[in-house]
Amino acid sequence: MKESRVARTLKDTRAKMGRSQEQLSMDFFQSRESLSKQENGERRVQPGISRRFIEKYNDPWIALEAANEYIGWGITRLDGPAVDNHRSSVYLKLGEEMEEALEAMKKVKLMNQPQFIQSFELQDIERSAQEFADVIHASTIYLATLCQTYNLSWLDIWEHHQTKLKSRGYVMA
């Protein structure tokens, strides 16, 4: 089994914090060997470990990678050679993506029933959807960058968001 992105992120964050596997294993009530196997890809990083790691160390990247890995799709940290993850670059990229999505959305005509749209209208709808996927990714990277840079609680932000949705009647309690 190869090392997963969750495992790599866990290992990188642990190293940045200056925590040994032994110290981390005590924090999470696991053996050092078990933690080592998870970090090295011999075992899958368990959801409970991911959750506790996020709670204890406020690491949004673990949250994103875990969600991506466990469901098979989703937001992932950008780590390719062409990316610039500095907070100002992330900010500018989000603005660019939002502008592109707004322009694509303006071209969409949603008045007709889906079975009566023309192929060019469907192309505009698909382009709009693709642009909004870019916005969602860029927005999440922006949020994670803010949380990491300014030590904002990733979990508190999402808990506040859920509370707001419930209080407005958008989701059931």
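At 25% relative accessibility, Y142 counts as partly exposed, a class that lies between buried (under 20% relative accessible area) and exposed (over 50%), as computed with a 1.4 Å probe on protein chains only. The structure is a predicted model, in which local features need pLDDT of at least 70 and side-chain atom pairs count only at pLDDT 80 or more, while totals for chains, interfaces and linings use all residues. Residues are numbered from 1 along each chain as its sequence is written, and side-chain values use heavy atoms, with hydrogens and water left out.

A search of the whole structure finds three aromatic pairs, where rings of Phe, Tyr and Trp (its six-membered ring) are paired if their centres lie within 6.5 Å, and where planes under 30 degrees apart count as stacked, over 60 as edge-to-face and the rest as tilted. One of these pairs is formed by Y91 and Y142, whose ring centres are 6.4 Å apart and whose planes stand at 40°, so the pair is tilted. This pair links distant parts of the chain, since Y91 belongs to helix α6 (residues 87–106) and Y142 to helix α7 (residues 119–150), 51 residues apart; helices here are DSSP runs (H or I, at least four residues), numbered from the N terminus. Y91 has a relative accessibility of 51% and therefore counts as exposed.

Another pair is that of W154 and W158, in which the ring centres lie 5.9 Å apart and the planes are at 65°, so that the pair is edge-to-face. Because the two residues are four positions apart in helix α8 (residues 154–167), W154 and W158 are separated by about one helical turn. W154 counts as buried, at 6% relative accessibility, whereas W158, at 35%, counts as partly exposed.

An aromatic ring also takes part in a contact with a charge: the charged end of R77 sits over the ring of W61, 4.2 Å from the ring centre, the criterion being that NZ of Lys or CZ of Arg is within 6 Å of the ring centre and within 35 degrees of the ring normal.

Turning to the backbone, most residues other than glycine have a negative phi. N58, although not a glycine, has a positive phi of about 50°, and N58 is placed in the loop between α4 (47–57) and α5 (60–71). N151, likewise not a glycine, has a positive phi of about 55° and lies in the loop between α7 and α8. With a relative accessible area of 16%, N58 is buried, whereas N151, with 62%, is exposed.
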